[in-house]
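Welcome! Please open the model in your viewer and keep the selection tool at hand. We will go from stop to stop, picking out a few residues each time.

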Amino acid sequence: MVSENTEEYLEAIWVLEEKGQKIRIIDLADHLNIKPPSVLEKLKKLEEEKLVTYNKNEGIKFTKKGEMGGKMVIRAHRILESLFAYLRIEEDDMEKLSCACEHISKETVNKICTFLNHPETCPHGKKIPRGECCKNI
């Protein structure tokens, strides 16, 4: 199990990776609204945990383990956004609630996903990674 702070980094890397560009330390720092030296320090820890690799030429990349962690966090976030949209929660509150609640178990995410009939995209049109509950649809 990883910390919420680590999950925030994995989520940020996922979002930046979706843009299809090389992820630099400055990109991650800007996305997380923190200073580059803090990102560099955390990247060293993420590399030790075998969640990412980093070099200046290739940028920040997920390992298989890191990609799985990033997928779980982004899936939870986007499923929660879909739930809050279903409940007609205001846009600003929907984002705040999704960020606050995204650190929930995979089982809970799968139950919400099933309840929502396995949405493929979040209310913002971004792809929701499929989970175990989606395999038979």
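**First stop: a helix and its end**

Start by selecting Lys-50, the residue with a positive phi, near 60°, that follows α3. Bear in mind that you are looking at a predicted model.

Now select helix α3 itself, residues 36-48. With 13 residues at 1.5 Å a residue, α3 should span 18 Å, and its end C-alpha atoms lie 19 Å apart, which agrees.

Which residues of α3 are buried? Highlight Val-39, Lys-42, Leu-43 and Leu-46. Look down the axis of α3: these buried residues fall within an arc of 110°, so they line one face of the helix. Show their surroundings and you will find what they pack against: the helices α1 (4-18) and α2 (25-32), together with the strands β1 (52-55) and β2 (59-62). Then turn to the face of α3 that points away from the buried side, where Pro-37 and Glu-48 are exposed.

**Second stop: Asp-27**

Move on to helix α2 and select Asp-27. Is this residue buried or exposed? Asp-27 is buried, as its relative accessible area is 13%, and the cut-off for buried is under 20%. Setting aside neighbours within four places in sequence, its contacts are Leu-16, Gln-21 and Lys-22.

Arg-24 and Asp-27 form a salt bridge, with their closest N and O atoms 2.9 Å apart.

How many salt bridges does a search of the whole structure find? The search finds 3.

Select Arg-78 and Glu-18, whose side chains meet in a salt bridge at 2.8 Å, N to O. This pair links distant parts of the chain, since Arg-78 sits in helix α4 and Glu-18 in helix α1, 60 residues apart. Arg-78 is buried, with a relative accessible area of 3%, while Glu-18 is partly exposed at 40%.

Next, pick Glu-132 and Lys-106, another salt bridge, at 3.3 Å from N to O. Lys-106 belongs to helix α6 (106-115) and Glu-132 to the segment after it, so the pair ties together parts that are 26 residues apart in sequence. Lys-106 counts as partly exposed, at 36% relative accessibility.

Tyr-86 is part of helix α4, residues 64-86.

Note on methods:
Residues are numbered from 1 along each chain as its sequence is written. This is a predicted model: local features need pLDDT of at least 70, side-chain atom pairs count only at pLDDT 80 or more; totals for chains, interfaces and linings use all residues. Side-chain values use heavy atoms; hydrogens and water are left out. Helices (H or I, at least four residues) and strands (E, at least two) are DSSP runs, numbered from the N terminus. The expected span of a helix is 1.5 Å times one less than its number of residues. Buried means under 20% relative accessible area, exposed over 50%, partly exposed in between (1.4 Å probe, protein chains only). The arc is that of the directions from the helix axis to the C-beta atoms. Contact means heavy atoms within 4.5 Å. A salt bridge is a side-chain nitrogen of Lys or Arg within 4 Å of a carboxyl oxygen of Asp or Glu.
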